[in-house]
Amino acid sequence: MDQLMKDIREAIWNHDAGKVKSLTEKAVGDGLDPGVIVNEGLVGGMNQLGEKFKSGEVFIPEILVSARAMAAGMAVLKPLLLQAGIRERGTIVIGTVKDDLHDIGKNLVMVMLEGAGFRLVDLGINVTSEKFLRAIEEHKPDVVGLSALLTTTMPSMKETTASIKAVYPGQKVIVGGAPVTEKFARDIGADAYGADGADAVDKVKALLSA
């Protein structure tokens with residue numbers, strides 16, 4: 001089993017979606033627990049890539065193609081996970097705030113979070129406070145992520161955070177984006193600040209274990 005999980009991790013690092021899929025199918029055929037395949041194989045591979053990303057050994061394009069390879073394995077396992085009643089690590093509602101049309105940073109954060117085993121609900125760009133509130137009501141997320149790339153849309157991030165906290169005082173909120181800082185996150189009442197995709201994963205894990 002250990003060798004098979006190692007092979008899956010290496011196929012993810014090598015961006016080989018076909019190999020990830022076939023190895024995942026082999027693991028299932030060998031009777032391995034789907035949760036183990038996810039955590040030790042697929043998520044394990046992405047976690048190690050996340051560490052390499054933080055240390056500057058790999059870059060965004062490599063993370064994106066490795067995430068596609070991981071998705072090939074998850075497509076094999078999802079029906080089995082649902083059948084077994086295995087929950088993902090948590091649900092995250094994420095979106096770019098009102099009047100901001102940028103999504104590259106948000107999408108990278110989503111890839112990293114999905115790679116870490118979270119379920120993502122993507123609200124897209126130019127998302128109003130009302131849309132975030134409706135999504136919280138519908139999906140009951142563990143964490144809400146707000147993204148902004150423009151200094152001019154930082155007030156929207158502040159207003160959205162305030163709206164969420166007013167209606168759902170216990171809702172965890174993480175914010176990020178080029179103009180956002182740790183101090184700004186604290187000042188607007190957010191629970192965490194993610195400097196990049198890998199940092200966002202660490203911060204979300206910390207929020208859920210707090």
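Strand E1 (residues 91–96) is mostly covered, with six of its six residues buried, where buried means under 20% relative accessible area, exposed over 50%, and partly exposed in between (1.4 Å probe, protein chains only). Helices (H or I, at least four residues) and strands (E, at least two) are DSSP runs, numbered from the N terminus. The model is predicted: local features need pLDDT of at least 70, side-chain atom pairs count only at pLDDT 80 or more, and totals for chains, interfaces and linings use all residues. Residues are numbered from 1 along each chain as its sequence is written, and side-chain values use heavy atoms, with hydrogens and water left out.

**Strand E1 and its partners**

- Both faces of E1 are covered: Thr91, Val93 and Gly95 are buried on one side, and Ile92, Ile94 and Thr96 are buried on the other.
- E1 pairs in the parallel sense with strand E2 (residues 119–122) over four bridges; two strands pair if DSSP finds at least two bridges between them.
- Val121 in E2 is the bridge partner of Val93.
- From E1 the chain crosses through helix H5 (residues 104–115) to E2 in a right-handed β-α-β crossover, a term for a path that runs clockwise from the first strand over the helix to the second, with the strands pointing away from the viewer.
- E1 also pairs in the parallel sense with strand E3 (residues 143–147), over five bridges, and Ser147 in E3 stands opposite Thr96.

**Helices H6 and H7**

- Helix H6 (residues 129–139) and helix H7 (residues 154–167) pack at an angle of about 35°, with their axes 9 Å apart; the axes are lines fitted to C-alpha atoms, for helices over the stretch in contact, and angles run from 0 to 180 degrees between N-to-C directions.
- Ser129, Phe132, Leu133 and Ile136 of H6 make the contact with Glu159, Thr160, Ser163, Ile164 and Val167 of H7, contact meaning heavy atoms within 4.5 Å.
- Thr161 is placed in H7 and counts as buried because its relative accessibility is 0%.
- Beyond its neighbours within four places in sequence, Thr161 is in contact with Leu146, Val173, Val175, Ile188, Gly189 and Ala190.

**Loop residues with positive phi**

- His15 lies in the loop between helix H1 (2–13) and helix H2 (17–29), and its phi is near 60°, a positive value in a residue other than glycine.
- His15 counts as partly exposed because its relative accessibility is 33%.
- Lys140 lies in the loop between H6 and E3, and its phi, near 50°, is likewise a positive value in a residue other than glycine.
- Lys140 is exposed, since its relative accessible area is 56%.
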